[in-house]
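Reader: I would like to go through the ligand site of this model with you, one question at a time.

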Amino acid sequence: MLNKDLEVTLRKADKNQLKAKPDPNKLGFGIYFTDHMFVMRWNRQQGWHNAEITPYQNFSLDPAAMVFHYGQAIFEGMKAYRDSSGQILLFRPTDNLERMNSSALRLCMPRIPVNAVLKALKALIYLDRDWVPYNDGATLYLRPTMIATEPVIGLRSSEEYIFFIIKSPVGAYYAEGFNPVRIYVEDTYVRAAPGGVGAAKTAGNYAASLKAMTEANKKGYSQVLWLDAIDRKYIEEVGTSNIFFVIGDQLITPKLSGSILPGITRDSILQLARDLGIKTQERRISIDEVIAAQEDGSLREAFGSGTAAVISPVGELCYQDRTIIINGGRVGDLSRRLYDNLQDIQRGRQEDVHKWLVRVG
Ligand code: COI
């Protein structure tokens with residue numbers, strides 16, 4: 001059931017519960033959490049109920065809660081930005097919440113009432129507005145999450161859920177910041193297969209990626225680039241983002257095949273590139289094509305795109321025993337242009353022609 005008029009109770013933290021704010025220049029990523037969170041519960045009889053904005057606090061869950069056993073857990077990543085006048089802006093929040101509903105459908109979880117959740121999210125951010133960083137490199141990262149809480153260990157979908165939103169002031173996702181990252185092209189492990197859950201933002205996809213990521217980190221690479229599960233040659237996505245290549249005069253990204261995440265940033269980059277008159281292609285692209293393009297000099301740039309990573313230039317790929325240096329290991333012109341373009345929109349410095357921004361407060 002989708003309760004359109006969700007009643008949200010507000011329980012503010014006492015003054016003595018308020019936390020000290022971290023240094024905005026040393027935020028890291030996802031380490032600090034704000035004073036308040038949003039929580040609501042679902043069961044078959046009541047639908048979504050007990051919606052509250054509360055002080056940030058622990059949950060108490062039965063050890064049999066289904067999320068611990070069968071991993072019904074989905075989440076989203078969004079950000080709140082400050083514009084130059086100090087106003088707080090959200091970027092395409094409805095698209096994220098709708099994507100959460102697509103993930104919910106795939107994982108047999110209940111859909112959230114998007115408009116009511118957006119309203120509660122805005123109230124939540126406004127309450128913790130002092131946590132939204134003012135400095136350009138920093139934002140308030142928002143993490144809507146849903147978990148299965150019914151205490152039953154027979155395998156079926158849960159009949160009880162908690163949905164919550166926590167918020168974390170963050171700096172750049174990668175230690176490299178906007179500098180190019182080195183990426184390992186993974187040809188042993190696979191992230192997702194056709195018919196699987198690759199297009200859903202579900203916790204298990206990230207758990208399954210850790211082994212490959214850890215091995216890549218040990219070899220000195222920041223992330224892995226996943227290949228498809230069948231032919232092991234078509235490019236899918238990076239561990240934390242979608243991927244783009246500039247080959248000749250084309251901006252190319254793997255098409256949404258069902259096994260990659262339909263990124264909101266990915267979609268925004270495609271739109272911004274088209275606005276700039278750049279030719280875009282969403283299609284299958286193999287690692288062999290990337291290598292051939294590097295050999296004939298037509299591979300000009302590569303970058304990842306995601307909410308956390310924003311645009312993250314790729315300076316080097318390692319595939320089997322081959323090293324592919326991209327644009328001399330430097331940030332490419334188009335990567336820089338799209339990054340500036342996207343940030344300028346998100347920070348209200350450029351006209352929001354696509355009506356992507358939602359004001360808080
Ligand atoms: C995001 O980009 O928001 C994500 O959820 C990726 C995560 C690994 C930080």
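Reader: Which residue has a polar side-chain atom 2.8 Å from an oxygen atom of the ligand?

Author: This is a predicted model, in which local features need pLDDT of at least 70 and side-chain atom pairs count only at pLDDT 80 or more, while totals for chains, interfaces and linings use all residues. Residues are numbered from 1 along each chain as its sequence is written, and side-chain values use heavy atoms, with hydrogens and water left out. Taking a polar contact as a pair of N or O atoms within 3.5 Å, the residue whose side chain makes this one is lysine 201.

Reader: Which residue places a polar backbone atom 2.9 Å from a ligand oxygen atom?

Author: A backbone N or O atom of threonine 307 lies 3.5 Å from an oxygen atom of the ligand. The 2.9 Å distance to a ligand oxygen belongs to a polar backbone atom of alanine 308.

Reader: How much of the ligand's accessible area does the protein cover?

Author: On its own, the ligand has 290 Å² of accessible area (Shrake-Rupley method, 1.4 Å probe). Of this area, the protein covers 90%.

Reader: Which domains supply at least three residues each to the shell around the ligand?

Author: The surrounding residues (a heavy atom within 4 Å) include Phe75, Tyr141, Lys201 and Thr307. The bounds come from an automatic or database domain assignment, and the shell draws at least three residues from each of domain 1 (8–170) and domain 2 (181–346).

Reader: How many residues of domain 1 are in contact with domain 2?

Author: The C-alpha centres of domain 1 and domain 2 lie 27 Å apart. With contact meaning heavy atoms within 4.5 Å, domain 2 contributes 20 residues, and the number from domain 1 is 20.

Notes: Polar contact = N/O pair within 3.5 Å; in protein donor to acceptor, adjacent residues only side chain to side chain.
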